[in-house]
Amino acid sequence: MDDVSSVGKLHTSFNSEVGKVHQKHGLTLLTTTVFAVGEMAGSGVLALPGALAGTGYIGILLNVLCALVSAYTGMLLGKCWLMVMNRYEEYQEETRYPYPAIGQVTFGKPGRLIVSCAINFTMFGAAVVFLLLASENLQSLVKDVGKDISFCYWLFIVAGVLLPISWLGTPKDFWPIAIGATGATTIACFVVVTNIVQDKEWIPPAFYPPVEFKSFAFALGTICFAYGGHPAFPTFQADMKNPEKFGLAIFISYMIVLAMYLPVAVTGYMVYGINTNDNILQSVSPGPMQYTVEVLITLHIFCSFIIVINPVCQELEDLLRIPKNFGPKRVLFRTVMMGVVLFVAESVPHFGAILSLIGGSTLTLLAYILPPIFYLKLCSMTGNWEKVEPPLHQKVACIEIVIIGTVVGVAATYSAIVSLTTSKFSTPCYININAAQ
């Protein structure tokens with residue numbers, strides 16, 4: 001595909017087309033890469049083996065393509081923000097909502113509104129998924145030592161623990177959290193692959209079900225979610241010392257995430273086949289390695305929860321004119337936000353369908369449809385700046401990504417909605433407290 005071959009060319013022209021913007025303090029190339037990995041890696045490790053059960057072995061190719069195309073569109077998004085900053089002085093100061101600002105510059109208020117709504121839905125949904133996963137892992141850990149506490153009660157416990165973390169400000173305020181998230185997931189990947197390989201020695205040969213449209217489309221939404229960090233990317237870039245290095249940071253981060261995901265996804269599907277659960281930790285045999293992975297992934301989720309909920313809080317706080325500095329208004333607002341996240345998790349205590357719904361709908365829009373459209377629009381705009389003329393292969397790549405992304409998004413969204421409306425797991429906790437046990 002043209003879009004994949006263009007990744008290298010895009011990076012080489014990254015600085016020359018958009019100039020340079022610097023700030024004295026902020027994230028470095030390394031810390032930006034760590035933030036991007038910390039945001040993306042985690043839930044994908046647990047969900048991608050089950051996604052391969054829906055796609056078959058073609059899912060391996062889909063993972064690679066999705067990672068490369070996501071890296072490409074992430075770099076496009078970075079170029080968009082640099083062009084906006086260089087062209088408009090008001091965006092050269094600290095900006096709390098860079099992605100919506102790109103929508104504003106390119107398509108006015110409608111563009112800004114679409115981006116804002118999509119980001120808020122995506123990141124809020126990701127926070128719900130993380131809350132569900134952390135609660136599921138902790139329930140399993142405690143149950144293994146003889147204490148069975150309802151999954152629905154665990155949601156309350158985890159939300160209470162995460163609440164103080166949610167009060168933190170911008171990525172510059174919690175860079176150690178991103179390092180913790182990345183390190184925990186890296187170790188967890190090695191351990192879970194080892195556990196799966198050991199299981200192969202004693203479990204029956206795996207059965208691989210035929211691929212059906214519904215399961216295939218559902219799995220595509222999960223794969224898109226696993227590689228879709230775009231809603232938070234401009235926030236990271238806006239906090240960088242040298243924003244023009246963002247493209248390189250994103251490309252490196254995607255290669256790291258792909259190296260984490262593929263071994264777990266492939267070995268999990270090969271060993272368990274049709275018995276691969278939405279959460280791979282529910283498929284592996286219990287023991288010290290499973291417990292270790294549950295602890296590490298839960299640690300990652302605790303660390304990355306603030307990364308995914310932060311953009312939502314920042315934009316809503318700006319709309320409500322809540323001061324940027326830490327204070328009682330921020331604490332009150334983010335406490336209310338945590339309550340809303342908890343309510344949704346208690347209402348739909350099944351992360352697989354939510355994950356696929358987000359991946360197929362708003363995340364596909366933010367990661368695969370809007371970045372190419374915004375980039376081409378910014379290149380075509382005229383004003384008191386040097387006009388950017390993208391080469392033909394880049395225009396073709398952008399159009400291909402938009403078309404394919406739209407088709408994939410519609411199919412995955414439809415499949416996820418059908419699953420949500422028909423799944424027995426959709427019973428809310430407050431209707432049946434034992435529904436998620």
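Okay, quick definition before we start: helices here are DSSP runs of H or I, at least four residues long, numbered from the N terminus. Keep in mind that this is a predicted model.

Let's begin with helix α11, which covers residues 246-272. How far apart are its end C-alpha atoms? They're 39 Å apart, and that agrees with what you'd expect, because 27 residues at 1.5 Å a residue should span 39 Å.

Now, α11 has a partner. Helix α5, residues 58-87, packs against α11 with the axes 9 Å apart and an angle of about 165°. So the two are roughly antiparallel, since angles over 145 degrees count that way. Their crossing is right-handed.

Who's actually touching whom? On the α5 side, the residues include Ile60, Val64, Ala67, Leu68, Ala71 and Met75, plus Gly74 and Gly78. Over on α11 they meet a set including Phe246, Ile250, Phe251, Tyr254, Leu258, Leu262 and Val266. Taken together, the residues of this contact come out as 14 nonpolar, 5 polar and no charged.

Last stop, a loop. Glu212 sits between α8 (175-199) and α9 (213-226). Is Glu212 buried or exposed? Exposed, because its relative accessibility is 53%, and the cut-off is over 50%. Along the chain, Glu212 and Thr55 are 157 residues apart, yet their C-alpha atoms are separated by 8.1 Å.

Notes:
Residues are numbered from 1 along each chain as its sequence is written. This is a predicted model: local features need pLDDT of at least 70, side-chain atom pairs count only at pLDDT 80 or more; totals for chains, interfaces and linings use all residues. Side-chain values use heavy atoms; hydrogens and water are left out. The expected span of a helix is 1.5 Å times one less than its number of residues. Buried means under 20% relative accessible area, exposed over 50%, partly exposed in between (1.4 Å probe, protein chains only). Axes are lines fitted to C-alpha atoms, for helices over the stretch in contact, and angles run from 0 to 180 degrees between N-to-C directions. Angles under 35 degrees count as roughly parallel, over 145 as roughly antiparallel, 65 to 115 as roughly perpendicular and the rest as oblique. A crossing is left-handed if the near helix is turned anticlockwise from the far one by less than a right angle, and right-handed if clockwise. Contact means heavy atoms within 4.5 Å. Ala, Val, Leu, Ile, Met, Phe, Trp, Tyr, Cys and Pro count as nonpolar, Asp, Glu, Lys and Arg as charged, and the others, Gly among them, as polar.
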